[in-house]
Amino acid sequence: MEIFKICFVGIVTAFCFMILKENKSDLAVVTAIAGGCVILLMTMEYIFGIFSTISALMEKAGINNGIFNILIKIIGIGYIIDFSAGIIEDSGAKSLSEKVVLCGKIVIMAMSLPILVKLFEIIESIL
């Protein structure tokens, strides 16, 4: 099963990170980033499957393609922010990590405004 491979890579990366953190902290951060990237690459097949399923569902429901693109961008931003914040926090800059998360939430909110406007238009047309 794929999850065991992912967990193994995560555990090995964490072990290497802990060993390198004491002697070569800059190399430890690079190791954590590389391990995280490998884990992300291992899940790409699942990510594409999720996106294709959501796209097919939205086509069947007759939802505008623009909304789908916005949703995909919002999901991607969320994952990228979470991944980046984790790396920043591992490097010892927790306050910077929290600021990155805050800015990510603001960007997500700004990107979701067209969906919110469309939702209000639908509600208005029903009433």
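Lys94 forms a salt bridge with Glu89, the closest N and O atoms being 3.7 Å apart, where a salt bridge is taken as a side-chain nitrogen of Lys or Arg within 4 Å of a carboxyl oxygen of Asp or Glu. The structure is a predicted model, in which local features need pLDDT of at least 70 and side-chain atom pairs count only at pLDDT 80 or more, whereas totals for chains, interfaces and linings use all residues. Residues are numbered from 1 along each chain as its sequence is written, and side-chain values use heavy atoms, with hydrogens and water left out.

A search of the whole structure gave two salt bridges. Glu98 also pairs with Lys94 in a salt bridge, again with 3.7 Å between the closest N and O atoms, and the two residues lie four apart in helix 5, about one turn of the helix; helices here are DSSP runs (H or I, at least four residues), numbered from the N terminus. Side chains of opposite charge can pair when their charged atoms come close. Lys94 is partly exposed, with a relative accessible area of 47%, as are Glu98 at 46% and Glu89 at 38% (buried means under 20% relative accessible area, exposed over 50%, and partly exposed in between, with a 1.4 Å probe and protein chains only).

The largest pocket holds about 540 Å³ of space. On a 1 Å grid over the protein atoms alone, a pocket is an open set of points where a 1.4 Å probe fits, with protein on both sides within 12 Å along at least five of seven lines, and lining residues have an atom within 4 Å of a point; the volume is the space filled by probe spheres set on the points, which are joined across faces, edges and corners. Of the 16 residues that line the largest pocket, Leu40, Thr43, Ile47, Tyr79 and Ile80 lie nearest its centre. Helix 2 (25–42), helix 3 (44–61) and helix 4 (65–90) each supply at least two residues of this lining, which divides into twelve nonpolar, three polar and one charged (Ala, Val, Leu, Ile, Met, Phe, Trp, Tyr, Cys and Pro count as nonpolar, Asp, Glu, Lys and Arg as charged, and the others, Gly among them, as polar).

The second largest pocket, with about 160 Å³ of space, is lined by 13 residues, of which Thr13, Ala32, Gly36, Ile87 and Asp90 lie nearest its centre. Two or more residues of that lining come from each of helix 1 (2–23), helix 2 and helix 4, and the largest share, five residues, is given by helix 4. Six nonpolar, five polar and two charged residues make up the lining of the second largest pocket.

Ile11 and Ile88 are separated by 77 residues in sequence and by 19 Å in space, C-alpha to C-alpha.
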